[in-house]
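Biologist: Can you walk me through this one? I'd like to begin with what the record says, then look at the fold.

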Amino acid sequence: MKIGVIGAGYVGTTTSIVFAKYGYQVTLMDTNLEKIKTLYQSKLPFYEEGLKELLHDYIVEQRLSFTNSMEEIMKECNILFITVGTPSLENGKADLSFVEEVVTQMAKYMDDYKVIVIKSTVPVGTGDKLNDILKNELKIRNKAPTFDLVSNPEFLREGKALFDALYPDRVIVGCESTKAREIMKELYKDVDTSILFTTIKEAEMIKYASNAFLATKISFINELARLCDGKGVNINQVALGMGMDKRIGPDFLQAGIGYGGSCFPKDIKALLALAFDMDTPMPILQAVKDINETQSQWFMKKVKQELGNLEEKRIAILGLTFKPKTDDIREAPALKVIDYLLKNKASVTAYDPQGSEHVKKIYPTVTYTPTPLQALEDADAVLLLTEWQEILDIDWECAKSIISNPLLFDGRNALSPSNMMKLGYRYFGVGNTNF
Ligand SMILES: NC(=O)c1ccc[n+]([C@@H]2O[C@H](COP(=O)([O-])OP(=O)(O)OC[C@H]3O[C@@H](n4cnc5c(N)ncnc54)[C@H](O)[C@@H]3O)[C@@H](O)[C@H]2O)c1
Ligand SMILES: O=c1ccn([C@@H]2O[C@H](COP(=O)(O)OP(=O)(O)O[C@H]3O[C@H](CO)[C@@H](O)[C@H](O)[C@H]3O)[C@@H](O)[C@H]2O)c(=O)[nH]1
């Protein structure tokens, strides 16, 4: 079995490396030549720990190769994973143009049996649509359909991509042919986890349902945090107590400034758009989205209450990426915060271990510092927005002498309020203040 992966993003690159690790011969294809060149040089086109070393080894061992040619990958491989992006359109629906373009191109070079595996997150019914495109294109070429379509959604998290891909909680395979099912079983034989076989549509829905449920947990705890704030209740303790119930579980109950990233915001919008099309409102999911969209405003209201007029105030931001251990700033709450601060004429200084270069392209007037302590110099307030370990490890006692006003807003509830208060900071978190 030779595996082809189409789309050298987070998912495609991680998938390629993981299958190479299982001993398969993998070719990774992308239309972006710059990305292919970068990969050839054993470099990753994004920041993610643990992948680079394996990438290098598998290139040297000739288990992993790269191309920008669809013709080449179709000739060489019999299992093809589609991992291209499905970003949001203006109306919230998933933009399927990249996926559709891929299958249209595939049909041009399809001469023998292929298993086409959709790993990109796509709405229910996309499998049928792609099936039709492939059949039509093959008909134009007077070729009989010789493929099976499979939906195999990806559940990895950025920052933990390799671990999640190597040790998944489950593998979902939406598949309606016995031949493809046996091939998928063989492909995942070394992965120590359960495989759930479903229909293609069920697999498509499982992916959206999982992301929607995780986002619901976050918005639920954030809504509760607003209630706890100032009421003598620490939301972290509430989450701990709730999470001890096995039916609830401790994960995804960390209150904060809201979820960001390339997945939750777009997938929730896409599910809501599907519900709208089907005239089946989803009020819970709508509330999840609304709470998340107002969480940074709620947080900034506290900043404004403490600082008053923000004009000329010097604000230090610690953390820009949507979560630690990634350089991804897509839908990062820090972007909304910077926007608000600049509109209110504050002077903003920011530090992030990986995200500064990307944010600089959007907000060039912010001062980006090479160290966290430099960002804190003469600050009137500090806003912790991403819980990078390096930021949590700051010598906060020493930092206090650099900051003009030891006023700390912890948007991730990542520091201990009592420790910070002992050090002389005025500490404001999310649902853990004034208890
Ligand atoms: N990022 C994640 O953590 C994650 C996790 C699970 C699922 N997903 C889903 O997986 C999909 C991919 O996400 P990502 O973050 O890896 O995307 P990405 O934006 O990082 O990468 C997509 C890649 O596809 C390439 N591409 C676009 N059109 C192409 C074409 N016609 N032929 C070949 N390559 C093409 C782009 O150049 C780009 O390199 C999305 O549907 C996403 O929702 C992402
Ligand atoms: O208790 C929590 C957990 C997460 N977050 C935030 O939620 C966002 C998303 O975090 P996470 O889920 O860890 O990262 P992603 O890489 O976006 O991964 C999600 O989206 C991927 C793409 O679909 C899925 O594959 C993963 O299973 C799913 O967790 C980040 O802004 C986090 O800061 C919280 O605010 N509180």
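**Sites from the record**

Modeller: UniProt, in an unreviewed entry, lists Asp30, Lys35, Thr86, Thr121, Glu158, Lys266 and Arg330 under "binding site". Keep in mind that the model here is predicted.

Biologist: Let's take Thr86. Where does it lie?

Modeller: Thr86 is in the loop between strand S4 (79-82) and helix H5 (97-108).

Biologist: Is Thr86 buried or exposed?

Modeller: Thr86 is buried, because it has 24 C-beta neighbours inside 10 Å, and 20 or more is the cut-off for that label.

Biologist: What does Thr86 touch?

Modeller: Leaving out residues up to four places away in sequence, it touches Ala94, Asp95, Leu96, Phe98, Val99, Ser120, Thr121 and Val122. Thr121, one of these, is also on the UniProt list.

Biologist: OK, Thr121 then. Which loop holds it, and what does it touch?

Modeller: Thr121 sits in the loop between strand S5 (114-118) and helix H6 (126-140). Its contacts are Thr86, Pro153, Lys207 and Asp267, again not counting residues up to four places away in sequence. Thr121 counts as buried, with 24 C-beta neighbours inside 10 Å.

Biologist: New topic, the sheet. How many strands, and in what order?

Modeller: Eight strands form an open sheet, in the order S3-S2-S1-S4-S5-S6-S7-S8. The pairing is mixed.

Biologist: Which strands stand at the edges?

Modeller: Strand S3 (64-67) and strand S8 (194-198) do. Each has a single partner strand, so one side of each is left without a neighbour in the sheet. On average, neighbouring strands are turned by 25° against each other, direction ignored.

Biologist: In which sense do S6 and S7 pair, parallel or antiparallel?

Modeller: Strand S6 (residues 147-151) and strand S7 (residues 170-175) are antiparallel, with two bridges. Val150 stands opposite Cys175 in S7.

Biologist: Which helix packs there?

Modeller: Helix H9 (residues 200-228) packs on the sheet and touches S6, S7 and S8. The direction of H9 makes about 145° with that of S7.

Biologist: Last one: how do H11 and H12 cross?

Modeller: The axes of helix H11 (residues 264-277) and helix H12 (residues 283-307) come within 10 Å and cross at roughly 145°. Their crossing is left-handed.

Biologist: Which residues make the contact?

Modeller: From H11, Ile268, Leu271 and Leu272. From H12, Leu285, Gln286, Val288 and Lys289. Five of the contact residues are nonpolar, one is polar and one is charged.

Conventions:
Residues numbered from 1 in each chain as written. Chains lettered and ligands numbered in written order. Predicted model: local features only at pLDDT ≥ 70, side-chain atom pairs only at ≥ 80, totals over all residues. Pairing = 2+ DSSP bridges. Helix = DSSP H or I, 4+ residues; strand = E, 2+ residues; numbered from the N terminus. Axes fitted to C-alpha atoms, helices over the stretch in contact; angles between N-to-C directions. Contact = placed C-beta atoms within 7 Å. Left-handed = near helix turned anticlockwise from the far one by under 90°. Nonpolar A, V, L, I, M, F, W, Y, C, P; charged D, E, K, R; others polar. UniProt positions renumbered as here; feature names shortened; annotations may be inferred. Buried ≥ 20, exposed ≤ 12 C-beta atoms within 10 Å, placed from the backbone.
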